[in-house]
Amino acid sequence: MDLPRPDSDLPALSRPGPLLGGRRFAIAARRLVTCDPSRASTGDPLGVIEDAALIVRGGAVEAVGRRHEILHPGAGIEIAFEAAGVVTPGLVDCHTHAPWVGSRDAEYAVRMAGGDYEAIAAAGGGILASMRAVRAATTGELAAALRARLLRMAALGVTAVEAKSGYGLDEASERKQLEAIAEAGKDARLPRVVPTYLALHALPPEAAGGRAAYAGLVARSWLPAIAAAGLARYVDAYIDRSAFSVDEARPVLERARALGLGVRAHVGQFADVGGAALAAELGAASVDHLEQVAPEGIAALARAGVAAALLPVASFTLRQAPPPVAALRAAGVSLLVGSDANPGTAPTESLPLALALAVRLYGLTVAEAILGATREAARSLGLGDVCGAVRPGLRADLAIWDLPHENAIVQPWGTPRALAVLRDGEVVAAHG
Ligand code: NIG
Ligand code: FE
């Protein structure tokens, strides 16, 4: 029997046909986690409604409330889903490197036997290994790999995904990754996709002039062209001791702001080199990783209202200590949780796995973890008026779980536990 090649988009999971076809319908749930701030309280940060129902019309949420209020006799509405467990907003993954191809399994084995991530990268592996695979792939192959990945993410309860380039490292190959994101993003039956140009990730081998010259080229030439083509909503830079410095990243991120794009940054994954202050100064949408960040950096983030995207799968894989979560929380920094899906530090596609590790390893409460992968993540991606909560006016992006309570979502199942996943009121993945 011929099996699909790795990275191909032959259906590992089949997608149901259009089941609901834009009809007006209701969902009843024993427990509805709304993430609606107007329903939240100190004792109930998730705004939970028990014995709940919601109405979906034209792909949007029309009404939310107690079952008896919404489904009163005479309402005459079809109940499309009767959920015996918990329903939540569809999960929002705020940090992924999803358009990759190729496998770095050999490097992983070396690392697990004691090899050092930064040393492997310095020797031409790591990000550069993925660069070679991405450069050798066509846009179609990248889009196929991304679609397959998005479909598997949907099956895990995810309905919106930030997707970064950053493995092309030359203008044509970065554009190829971003075009693959745009291509996959056209499919309304996959999670919605937010494109980020990861402009500074590693120095490609042909960049003889060094990091500052490369960053200058990106800021002057590649970035404006990518912005003009409408290929990115955010620009990201990896600011760290073996990546780019604050001075190298500044012209790129400032140019991004001048071009009207948002900014995100990989900061403090290995060392605090001042990235948090730069991100705060530029009003970044998020700073991500933060295993290493000094109190001044945390204060700057808090003052500027920059969210912290926690990526516990990466620190687990790299055997690192957690970020200073208690200090971030005490400073009032909004906490997000992302999968960091990538072939090096976070070989996963599972945001629920990241949530489980955020609770187990980082000490987030269940409510913090869920808000960081729904409402707060959506807000950070500029989707706060689109998804991330269950309230009238937002799109009907929902996950219906075969679990009795939201506490169960953050347990490390290792298997998909979403029974049905809806985007715009249509089923995009279903199990059972
Ligand atoms: O978020 N460390 C920077 N970027 C990625 C990993 C990239 C890779 O190893 O392919 C991260 O961890
Ligand atoms: Fe990352």
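A salt bridge here is a side-chain nitrogen of Lys or Arg within 4 Å of a carboxyl oxygen of Asp or Glu. Keep that cut-off at hand for these exercises on a predicted model.

**Exercise 1. Work out how the chain is divided and how far apart the domain centres lie.**

Solution. Start with the domain assignment: domain 1 takes residues 13-89 together with 388-431, while domain 2 covers 92-380. Next, take the C-alpha centres of the two domains, which are 29 Å apart.

**Exercise 2. Describe the interface of domain 1 and domain 2 by its contacts and buried area.**

Solution. Begin with the contacts: 34 residues on the domain 1 side meet 26 residues of domain 2. Then turn to area. Interface size is often expressed as the accessible area lost when the parts come together. For domain 1 and domain 2 this comes to about 2,400 Å², with 65% of it on carbon and sulfur atoms.

**Exercise 3. Find the salt bridges and polar contacts across the interface, and say what domain 1 brings to it.**

Solution. The rule gives 2 salt bridges between domain 1 and domain 2. Check the pair Asp397 and Arg192: their closest N and O atoms are 2.9 Å apart, so the pair passes the 4 Å cut-off. On the domain 1 side, strands S13 (398-401), S14 (418-423) and S15 (426-430) and helix H16 (406-409) each supply at least two residues. By class, that side holds 21 nonpolar, 5 polar and 8 charged residues.

**Exercise 4. Trace the strand pairing from S1 through S4 to S13.**

Solution. First, S1 (residues 25-33) runs parallel to S4 (residues 79-89), joined by 6 bridges; Ala29 has Ala83 in S4 as its bridge partner. Second, S4 pairs with S13 in the antiparallel sense over 3 bridges, and here Val87 stands opposite Ile400 of S13.

Notes. Residues numbered from 1 in each chain as written. Chains lettered and ligands numbered in written order. Predicted model: local features only at pLDDT ≥ 70, side-chain atom pairs only at ≥ 80, totals over all residues. Heavy atoms only, no water. Domains from an automatic or database assignment. Contact = heavy atoms within 4.5 Å. Buried area = accessible area lost by both parts, 1.4 Å probe. Polar contact = N/O pair within 3.5 Å; in protein donor to acceptor, adjacent residues only side chain to side chain. Helix = DSSP H or I, 4+ residues; strand = E, 2+ residues; numbered from the N terminus. Nonpolar A, V, L, I, M, F, W, Y, C, P; charged D, E, K, R; others polar. Pairing = 2+ DSSP bridges.
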